[in-house]
Protein chains: 6
Amino acid sequence: MLCNPPVDIAAELLEGLKHVSTPTATALLMGRGFNHGYLTGIPPQALAPGQVMVGRARTLRFLPLREDLVKTQYASTADRPHRDAIESIEPGEILVIDACGCREAGVVGDMFTRRVLERGGAGIVIDGSVRDLSTIRTVGLPLFCLGQHGAGINRALMSADYQVPVKLANTAVVPGDVLLGDQDGVVVIPPTELAAIVTAGIEHEVQERFTRLKLAEGYALHQAYPPDEQLRPAYLTWRQTQPEFERFPFAFAEP
Amino acid sequence: MLCNPPVDIAAELLEGLKHVSTPTATALLMGRGFNHGYLTGIPPQALAPGQVMVGRARTLRFLPLREDLVKTQYASTADRPHRDAIESIEPGEILVIDACGCREAGVVGDMFTRRVLERGGAGIVIDGSVRDLSTIRTVGLPLFCLGQHGAGINRALMSADYQVPVKLANTAVVPGDVLLGDQDGVVVIPPTELAAIVTAGIEHEVQERFTRLKLAEGYALHQAYPPDEQLRPAYLTWRQTQPEFERFPFAFAEP
Amino acid sequence: MLCNPPVDIAAELLEGLKHVSTPTATALLMGRGFNHGYLTGIPPQALAPGQVMVGRARTLRFLPLREDLVKTQYASTADRPHRDAIESIEPGEILVIDACGCREAGVVGDMFTRRVLERGGAGIVIDGSVRDLSTIRTVGLPLFCLGQHGAGINRALMSADYQVPVKLANTAVVPGDVLLGDQDGVVVIPPTELAAIVTAGIEHEVQERFTRLKLAEGYALHQAYPPDEQLRPAYLTWRQTQPEFERFPFAFAEP
Amino acid sequence: MLCNPPVDIAAELLEGLKHVSTPTATALLMGRGFNHGYLTGIPPQALAPGQVMVGRARTLRFLPLREDLVKTQYASTADRPHRDAIESIEPGEILVIDACGCREAGVVGDMFTRRVLERGGAGIVIDGSVRDLSTIRTVGLPLFCLGQHGAGINRALMSADYQVPVKLANTAVVPGDVLLGDQDGVVVIPPTELAAIVTAGIEHEVQERFTRLKLAEGYALHQAYPPDEQLRPAYLTWRQTQPEFERFPFAFAEP
Amino acid sequence: MLCNPPVDIAAELLEGLKHVSTPTATALLMGRGFNHGYLTGIPPQALAPGQVMVGRARTLRFLPLREDLVKTQYASTADRPHRDAIESIEPGEILVIDACGCREAGVVGDMFTRRVLERGGAGIVIDGSVRDLSTIRTVGLPLFCLGQHGAGINRALMSADYQVPVKLANTAVVPGDVLLGDQDGVVVIPPTELAAIVTAGIEHEVQERFTRLKLAEGYALHQAYPPDEQLRPAYLTWRQTQPEFERFPFAFAEP
Amino acid sequence: MLCNPPVDIAAELLEGLKHVSTPTATALLMGRGFNHGYLTGIPPQALAPGQVMVGRARTLRFLPLREDLVKTQYASTADRPHRDAIESIEPGEILVIDACGCREAGVVGDMFTRRVLERGGAGIVIDGSVRDLSTIRTVGLPLFCLGQHGAGINRALMSADYQVPVKLANTAVVPGDVLLGDQDGVVVIPPTELAAIVTAGIEHEVQERFTRLKLAEGYALHQAYPPDEQLRPAYLTWRQTQPEFERFPFAFAEP
């Protein structure tokens with residue numbers, strides 16, 4: 001089965017990732033040959049101002065319901081993958097749900113959301129819809145999904161399995177992938193790529209901050225974005241004044 | 001013609017319905033065999049925080065325009081179903097408009113919206129678009145629709161008739177149906193189902209409130225959602241402290 | 001309610017219409033201010049080579065099903081609009097069905113199709129799907145629809161009423177409208193427009209035949225399409241050799 | 001994991017299923033509570049006149065490609081689920097491919113199709129596209145899919161695993177399901193339902209044949225579809241003249 | 001090539017246009033025979049409360065990328081139409097981008113947006129997506145587009161040329177067209193129509209203000225919308241009290 | 001402006017291209033880094049059995065109509081890009097029309113098609129619809145497009161310019177590009193890539209012919225597709241018996 005190679009992820013990298021925006025991470029992934037990292041069309045639906053979601057994927061897969069299989073599934077309590085997936089969440093994980101892009105039923109409501117939060121989960125991402133969105137927004141857990149519906153799962157779907165590779169938007173998500181989510185969306189980062197993305201990403205954000213200052217001073221795009229040879233020395237000095245320079249020195253190694 | 005059986009609706013039931021959320025009503029309808037109550041994809045576009053829409057449907061049907069029929073329709077003032085529908089609205093009714101899912105023209109603007117409010121209407125629901133949405137939001141009447149367009153009706157549509165069965169989203173709406181709308185969407189309730197939905201719905205909301213408390217205390221889903229045998233006695237005591245218990249005693253009859 | 005003014009239609013006009021193609025009729029309607037005559041996206045699905053469908057519309061309207069109303073409808077045999085519509089078809093009429101553009105169920109199968117043929121119906125046009133398409137193709141009745149599905153009506157729809165204005169594709173169809181269908185699609189002609197369309201249409205077809213000859217001789221578009229001043233005299237002579245000239249003299253009145 | 005209970009399937013039933021059309025099987029499944037059997041929007045693309053596809057499902061699942069995983073997959077020959085799935089096909093099986101509804105690449109070409117035929121496969125059904133469709137049509141194996149594309153798998157997809165539950169159209173397909181395909185589409189039958197569908201289906205086809213004769217004699221729908229009390233005795237006699245009566249006696253047990 | 005006739009536009013007209021809403025301008029254009037002015041489905045994504053966008057179009061056209069042409073384009077700095085278009089913006093112009101309706105990449109980020117603002121641009125309108133939307137919202141420049149994506153241009157597109165006629169939504173935009181944008185959307189006004197739209201539009205807004213007052217007093221639609229013969233004298237007096245009456249006297253010429 | 005570098009194209013290459021199928025050309029382009037060659041969703045609508053379309057692109061661009069510009073365009077005969085484009089076609093060219101993917105009007109009918117044939121054109125490809133499709137099929141010119149509509153251009157579109165880069169499906173087409181079309185679709189080949197595609201493509205077709213023989217003998221995919229080390233010598237001998245070996249020796253240079 002498709003899987004990620006085992007990769008240990010330093011807490012520092014996950015912390016650093018919080019200082020990278022999803023557009024920056026997406027662009028850096030593309031520069032490294034990954035064109036499908038960003039989850040097209042899955043916006044933040046519950047996210048506080050400034051809140052950032054970072055964590056590793058625990059996946060869950062739904063299928064269109066079949067009447068006999070649903071009946072069997074609900075007859076025992078032993079095999080309901082959606083509840084099992086939620087009750088197995090480890091601290092720091094993100095529940096990543098392939099709900100077939102379904103807009104005809106909600107697969108998560110405010111109860112499931114609260115339980116994910118209680119178990120230490122870092123967020124929920126769904127290629128599908130939720131119920132109770134207005135209440136979910138009061139829970140405090142980041143949630144990204146297509147939209148909302150009044151009905152529960154069994155109007156259209158049944159859970160099939162969990163911790164298998166799944167599809168969200170037009171992107172494959174494999175258990176253990178790193179996800180980054182903010183106001184600008186969600187991006188999926190293969191664990192083997194994380195160090196490179198964080199290292200380059202932190203400086204990229206600092207440099208864009210510099211470019212903004214220069215654009216405000218009237219510089220043209222070809223001068224300031226990125227800083228050209230004339231501006232670069234000033235940038236190298238200026239970046240040392242930024243908080244990331246001290247906090248994440250590994251991101252500023254090359255001059 | 002398809003119609004609802006005549007049903008008297010007690011004011012208390014309509015008042016009680018305001019204490020039920022659309023996801024709860026949708027789920028209860030499904031439990032009673034009605035799978036199409038929720039209007040998929042018709043979100044609130046004008047609704048104050050905490051505002052709830054409850055009322056009975058007065059329907060209006062549009063069709064794609066035909067040039068000769070529009071001309072005839074506008075030549076006399078006697079047969080413009082859209083104006084007639086608005087001017088016939090009774091207090092407490094909701095104007096329910098089948099606009100063919102059209103996103104190429106707006107069928108209501110802030111003037112029509114104001115007039116519905118003035119006549120005592122309780123809201124407007126449209127499978128279509130509106131003009132002047134930013135102004136409509138200042139009127140105070142709940143309005144649910146697909147989106148907005150700058151043009152008026154006659155760019156694409158003509159009114160055909162009113163108080164006939166219509167289609168919104170993928171749901172039939174019959175004159176006299178009860179509609180409930182809140183931040184989580186709109187649900188259509190056959191009048192014969194109203195008592196059952198309100199009775200079960202009020203307690204359901206109270207019970208979910210209890211479940212939230214228990215989840216916050218660390219209970220697992222299979223314990224608290226719904227309360228299992230161990231938690232149920234505590235719940236039965238606790239629910240008596242809730243305001244609905246006194247206000248809507250009929251909803252708490254069974255222990 | 002929207003309706004056509006009462007118009008007597010001469011049999012000769014319906015006969016003449018069979019000599020006009022749908023693209024020609026569509027273009028002539030546009031020249032007279034009617035932009036929505038052609039049923040976009042409703043192709044012929046059962047039509048023999050050279051077969052043409054001409055007749056007046058008997059309309060039937062479906063809505064998304066509601067479980068209680070369907071149950072009531074099937075409990076009695078008195079109020080099933082779809083069967084009533086079929087059993088009321090008059091010779092020469094076309095059954096025009098607004099099935100909400102539904103692709104999730106079939107509203108007509110080979111039995112209904114046969115019955116329409118037996119009653120003298122001239123065709124069926126559906127904004128929706130059929131069952132048994134491969135068998136329907138053996139019946140001999142022209143049928144235009146979106147596609148096919150294995151399931152019957154009650155998977156998704158219920159009949160609402162008949163002989164009311166309906167919507168197919170993005171076009172209103174009113175009882176009594178004249179429909180023309182061929183390999184190039186279906187066009188809806190208001191009865192008041194029929195004489196003008198047939199008169200201009202027959203000559204238009206003859207003239208296009210002439211233009212084809214001239215293009216084959218190497219003439220440029222601006223010379224032959226339509227015939228310019230130099231070619232027009234030759235055309236006026238040539239058209240007298242065509243069968244329509246004798247059969248429909250009213251179409252060639254002006255020189 | 002979701003699976004079918006183990007069910008032995010008599011060869012006679014599979015043979016009998018070839019005498020049932022997909023619309024009939026779909027309707028009978030609905031009557032037994034299964035509303036999603038028919039694969040909406042997956043038409044026959046390679047099927048000879050009169051050819052019928054019957055067999056049990058061997059499933060294969062694709063996901064949107066991820067660049068690193070594809071590279072790993074192609075580096076070894078040990079883990080390419082799509083080739084493994086094909087080379088493991090047993091005689092009489094149908095290759096059922098969840099290709100995510102993708103229209104941006106073809107997942108099967110004429111080579112894969114030939115190999116399925118050589119291994120004794122009974123057909124291919126894809127929620128996705130194929131390459132080489134014009135050549136596939138010369139192979140002789142029934143194939144149902146969305147459409148065609150010039151590019152191969154790796155333009156958009158990668159194979160993930162096989163013999164797991166998958167999704168086609170809006171239907172779950174589980175390994176071992178029985179599929180029936182003809183000119184009218186494909187229907188998925190849970191193995192536990194097969195006997196009931198075949199038994200009722202064979203007689204249903206015979207009875208429809210009778211109804212067609214009666215409609216041709218001028219009977220109305222309520223008389224002949226199905227045969228009413230007056231026509232039923234004649235039907236019971238007539239059905240004995242039909243070839244299925246002798247060949248599948250179990251289908252005509254009740255009078 | 002399609003172009004607007006040269007038209008001088010008085011600053012007073014552009015100023016007056018700020019007092020007309022997009023629905024009013026759309027309706028007035030329709031009354032003058034222009035049915036495609038409003039950009040259907042391109043909402044404001046960055047716009048302060050009360051902010052209005054008015055200016056003339058500088059167009060930019062993207063195409064789906066072709067790998068060799070992109071490589072050539074990025075090899076030199078001489079021919080990147082998107083940067084050239086931005087660096088050529090004149091004060092008061094609006095950057096109008098045909099991005100093929102693409103939702104798979106962002107064509108503008110906060111850097112480009114800042115540069116447009118710095119050059120005196122009045123806004124950006126895109127039939128496509130942006131990156132960094134949350135940051136763009138802090139820049140202060142009005143921006144209308146379909147949505148957001150994490151990736152930059154080269155995931156899907158390449159710039160082709162600028163200052164040519166382009167397509168946004170279902171509307172042609174020609175260099176020099178006047179655009180008006182507010183919370184209710186964007187409308188494109190041919191320069192030759194501007195005077196008529198502004199003149200009629202200002203009074204139309206004033207009159208709607210009057211109608212609102214009368215509806216609040218209980219008048220029916222046919223009395224107050226627009227003011228009928230009885231109300232009209234009162235309106236003519238009242239309008240003189242409104243600020244526009246003095247500021248834009250040309251709009252109130254006829255009594 | 002985006003353009004192809006000037007490339008002379010040998011007649012032998014165009015002739016050779018007729019022996020390559022569109023799926024083969026698409027795959028070879030992908031192997032060389034071009035992922036968007038195939039025109040997704042633009043099938044052959046008029047193509048005789050065995051007919052192949054090869055030629056260089058003459059492009060034409062439509063935009064949504066604007067009422068004043070259309071009026072101006074039709075007032076003079078000097079600036080109608082669509083007629084000019086057709087009347088400027090050189091022998092062997094293919095008319096490649098960007099019609100905005102429009103399904104609401106036809107941009108070519110049988111008259112335009114005939115004229116293209118008369119001028120020596122090799123085919124027509126449209127991201128849009130045609131009129132008179134049933135008649136176009138009798139003309140003999142290959143035509144690929146989305147579908148059909150009864151109305152002419154001016155229901156929705158106006159021609160903007162020609163011989164500029166355009167968009168069809170999700171592919172850029174530049175004047176002078178080489179197009180190959182057959183029953184399996186259309187592929188766009190940059191002129192600089194033609195020699196490589198033809199050289200590799202001819203042998204690829206021959207090799208697939210060999211693979212088919214071996215699959216029919218029972219070889220597995222990993223043996224015969226492509227021929228493995230054991231089969232390759234036999235293939236190298238066999239290919240010499242094929243007609244292409246003698247006719248296009250340049251395609252078989254390497255052993």
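**Close-up 1. Crossing of helices α2 and α7 in chain C of a predicted model.** Two packed helices are described by the angle between their axes and the distance between the axes. Here, α2 spans residues 22-31 of chain C and α7 spans residues 194-216 of chain C. Their axes come within 10 Å. They cross at roughly 125°. The crossing of α2(C) and α7(C) is right-handed.

**Close-up 2. Residues at the contact of α2(C) with α7(C).** From α2(C) come T24(C), A25(C), L28(C) and L29(C). Facing them, α7(C) contributes I197(C), A200(C), G201(C), H204(C) and E205(C). Sorted by class, the contact of α2(C) with α7(C) has five nonpolar residues, three polar and one charged.

**Close-up 3. The side of chain A that touches chain E.** On chain A, 21 residues are in contact with 21 residues of chain E. Four elements of chain A each supply at least two residues of this side: α2 (22-31), β11 (185-189), α7 (194-216) and α8 (221-224). Helix α2(A) gives the most, with five residues. By class, this side of chain A holds nine nonpolar, ten polar and two charged residues.

**Close-up 4. The two assigned domains of chain A.** The domain assignment gives domain 1 of chain A as 35-189. Domain 2 of chain A is given as 196-250. The C-alpha centres of domain 1 and domain 2 of chain A lie 36 Å apart.

How values were computed:
Residues are numbered from 1 along each chain as its sequence is written. Chains are lettered from A and ligands numbered from 1 in the order in which they are written. This is a predicted model: local features need pLDDT of at least 70, side-chain atom pairs count only at pLDDT 80 or more; totals for chains, interfaces and linings use all residues. Two residues are in contact if their C-beta atoms, placed from the backbone, lie within 7 Å. Ala, Val, Leu, Ile, Met, Phe, Trp, Tyr, Cys and Pro count as nonpolar, Asp, Glu, Lys and Arg as charged, and the others, Gly among them, as polar. Axes are lines fitted to C-alpha atoms, for helices over the stretch in contact, and angles run from 0 to 180 degrees between N-to-C directions. A crossing is left-handed if the near helix is turned anticlockwise from the far one by less than a right angle, and right-handed if clockwise. Domain bounds come from an automatic or database domain assignment.
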